[in-house]
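I opened a new notebook page for this one.

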Amino acid sequence: MDFSFAELLTKRSMPQNSPTRALTRFSAAMLAAFTLMVSGAQAQQPSSDPDDDAVASSVVSNVTANDEKDLPDVPLTGEILFQVLAAEIALQRGEPAPAYQTYIALARSTKDPRMARRAAEIALRAQSPADALTAARLWHEYSPSSNSAAQLSASLLVLNGKLDEARPLLAAQLAAVPEEQRTSAIVSLQLLISRGPDREGGLKLLQNLLQNDMTRPETPLVIARQQLIAGDPVGARQSLEQSLKLKPDFAPAALLLAQIGPDERKEAIALMEKAVAAAPTSRDLRTTLAQLYLGDEQIDNARKQFEAMRKNDPNDLAPLLALALIDLQQKQYDQASTYLQQYAVAAEKQGTSLRVDAGQAYIYLAEIEISRKDFAAAEKWLDKVSENSPEFVTARITRAQVVAQQGDIDGARKVLAALQPLAPSPRDEAAIARADAGILFDAKRYAESRARLDGAVAEFPNDPDLLYDRAMSEEKLADWPAMEADLRKLISMQPNNPNAYNALGYSLADRNERLAEAETLVEKATALSPRDAFIMDSLGWVKYRQGDKDQAITLLRRAYQIQPNAEIGAHLGEVLWVAGHQDEARQAWSEALKLEPGNDTVLGTLKRLDVPSP
């Protein structure tokens, strides 16, 4: 097994041999993401992507006693009681529409805010923001003193693109925020506005609401975030430079500045180098500088920062884990193993917590042994992960994958089946389903894999990973319409997901269909992840299909240098062969088969071109 940093970081059971490249290069850029775990809490944009309706629904469920001030003097008649019971029965039967209509009608006839609130809750659960807004407006109208009603109305107005109507509500809520909570409120405000459909209007609204807060470094930072969403990188840079002028060592601003481009990244590195020189014992500043170095592929400089952090505080274990991951990235497995064992021993002594849990180290140690095909050693490490560890489900999933790699598919699935009742959260349940489907996928039992994912998607319809995995199974089954539908839904859910664009674009190119659209999709993926070898391979494959063999060879060579991979080697070999470079083509195929003997893509290419196996 080749190490993929995405796998090491998330332990996802993605299909390993998918032609649409579920794997992500184990790169310095990916390693940089790890430092967010090291750094602890900073004023960053939240990394999770909760459903917008779920965010608003939390407001509904957070009603206080003050919300009951505006109740009307309406008796609970038998007719009202009957309608309420009928609505709740409809909900139990899975029929939210009549239940919603009943509560809306009751709200209008009784002017009872509780009826409107219940209607809003039903609409939110049914993922109908327009209906939820109708109910929220009634709730706010009938209960003007309810903060919860005002908050929900404002949120839904933004999500429905009605910014002018939302402005006075948001301004009033922001004005009521205590000074000690204002920074958090500013960050939350931008997060809400960013989820609305009007990006440019959202930027203007944010700037208007925060015009009196521009002396806070957080304010130009959140404005920069919205400027990037609105497609204004020049404005974002100016805002970030303003933020850093207010606070030169403001790590979140430096990190965001570095994401704009290489020149901005150099500027951010220079700023953080000065900040670290001025405060050499600052853990957060060194962590930020290390993350910037990793994003710039300066691995050795990043290592020095983590080593300095270890020297400053030997009891801080997170830098030790970071050093281990750097060694894993460079395939220095012995040194990585030493660091990981040191981390595990120290973590066991410190006791259990999310930051120092030994479980993650044991899983990385197991991954090293898996790469060496020493499955017995891998299982020993996995057995050390305690049931109380937050990594327990991940460890058991990895254990199932180890069993599957040894050929016992049914045994692997039994491990997962036994784990299902122990899953502490829906997220873990979804991960178990993905692992099960992934094991079936790798065993080439594609129809069973898809069926397993169908059930999981029905239970977790908005899980992007499940949608992606199902698309991979659908592609193997040549169900192109279903695959495209899943990937387009994923793109609508995560418009900055490079793998979704890449998967769809590559699939079109591989079938030699809609090549102009394939090029657009893969170029979008490239813009989002410019050094991803598999996306680069896709772009090379598109160029080949379009007849540009020279550009295809250039891209495929570069992709193979970044990530030696059997499938990329298969593509490079084919383009070289068709371009008349037969000896180089045979060498490329030979190297690919050494990396992965029996690779279907390589063998299929040789058969199609009627070339003997090298």
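Predicted model: local features only at pLDDT ≥ 70, side-chain atom pairs only at ≥ 80, totals over all residues.

**Helix pair**

I began with who touches whom: I80, V84, E88 and L91 of helix 4 are in contact with M115, R118 and I122 of helix 6.

The contact of helix 4 with helix 6 has five nonpolar residues and two charged ones, with no polar residues.

Then I looked up the geometry, since two packed helices are described by the angle between their axes and the distance between the axes. Helix 4 spans residues 78-92 and helix 6 spans residues 113-125; their axes come within 13 Å and cross at roughly 10 degrees. Angles under 35 degrees count as roughly parallel, so helix 4 is roughly parallel to helix 6.

**Whole chain**

How many helices and strands are there in the protein chain? I found 34 helices and zero strands.

I checked burial too: of the 614 residues in the protein chain, 53% are buried. The accessible surface of the chain is about 27500 Å², and carbon and sulfur atoms account for 50% of that.

For contacts between residues at least 6 apart in sequence, I noted that 57% join residues at least 24 apart.

**A record to compare**

Methods. Residues numbered from 1 in each chain as written. Heavy atoms only, no water. Axes fitted to C-alpha atoms, helices over the stretch in contact; angles between N-to-C directions. Helix = DSSP H or I, 4+ residues; strand = E, 2+ residues; numbered from the N terminus. Parallel < 35°, antiparallel > 145°, perpendicular 65-115°, else oblique. Contact = heavy atoms within 4.5 Å. Nonpolar A, V, L, I, M, F, W, Y, C, P; charged D, E, K, R; others polar. Buried < 20%, exposed > 50% of the residue type's maximum accessible area, 1.4 Å probe, protein only. Areas by Shrake-Rupley, 256 points an atom, 1.4 Å probe, with all protein chains shown as cover.
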